[in-house]
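Hi everyone, thanks for making time. Please have a look at the model on the screen, and I'll walk you through a few spots in it.

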Amino acid sequence: LLMEDFRPGIGCCTITALTAVFSLIQKSQEIPLLPRDERLLFDQIEALAARHGYRPKRGRTNPLRIGAIVRALFRRFGMSGQAGSVLCLPAHQIRRELDAGWPVLLNIAFGYYHRHTVAVVGYQLWQSVGPDAQVRRQNLLWLVQDGWSREVRLIDHRAFSRPWSGNCSVYSVTRIRPDEHPLHSVIQK
């Protein structure tokens with residue numbers, strides 16, 4: 001999903017990312033109250049988010065309020081589950097969420113994705129192997145839908161989380177755990 005398809009010229013990244021996640025939930029689980037139409041779903045999410053501090057005219061959301069928005073969406077759509085945002089969640093815990101079939105949002109403060117929220121749709125683990133067949137180094141790459149491109153993009157976690165990399169950022173992670181079946185079929189590993 002692209003932000004420009006919903007609110008041209010206004011940064012609605014969090015609402016777009018939530019629309020993507022709840023659209024995936026609808027496709028995998030058939031929740032009766034959850035709209036199938038992505039425009040209608042976006043409008044409902046945006047209206048509810050406005051009651052939690054989202055600013056529709058500016059497109060700003062406090063990243064630490066996204067968990068409350070998700071819990072309200074669960075109630076609105078007749079679902080149950082847990083959601084919350086955590087500052088700088090370690091990579092192994094983000095992977096654990098994805099491995100369990102639960103989607104996450106990555107709320108990024110600085111760098112290329114300055115003040116931006118992306119939906120993490122999976123990850124890749126790249127390894128360099130030496131001549132003696134031993135793993136020399138591992139790179140964890142997050143597969144994200146950033147709302148700017150229809151292509152899945154990659155974020156190198158090492159560069160993202162190391163201050164000396166030049167690409168470091170403070171970030172929070174919003175965990176989304178619907179009690180219905182996890183999204184194993186749509187999360188890429």
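Let's begin with helix 2 (residues 13–29) and helix 3 (residues 38–50), which pack at an angle of about 125 degrees with their axes 9 Å apart. Helices here are DSSP runs of H or I, at least four residues, and strands are runs of E, at least two, numbered from the N terminus. Axes are lines fitted to C-alpha atoms over the stretch in contact, with angles from 0 to 180 degrees between N-to-C directions. On the helix 2 side, the contact (heavy atoms within 4.5 Å) includes I15, L18 and F22, and on the helix 3 side it includes L41, F42 and I45.

A word on provenance: this is a predicted model, where local features need pLDDT of at least 70, side-chain atom pairs count only at pLDDT 80 or more, and totals for chains, interfaces and linings use all residues. Residues are numbered from 1 along each chain as its sequence is written, and side-chain values use heavy atoms, leaving out hydrogens and water.

Next stop, T174, in strand 6 (residues 171–178). Is T174 buried or exposed? At 0% relative accessibility, T174 is buried; buried means under 20% relative accessible area, exposed over 50%, and partly exposed in between, with a 1.4 Å probe and protein chains only. Among the residues T174 touches are P63, G84 and N107.

Finally, R115 sits in the loop between strand 2 (104–108) and strand 3 (116–129). R115 is partly exposed, at 47%. Its C-alpha is 8.9 Å from that of R60, 55 residues away in sequence.

Technical notes. Lists of a residue's contacts leave out its neighbours within four places in sequence.
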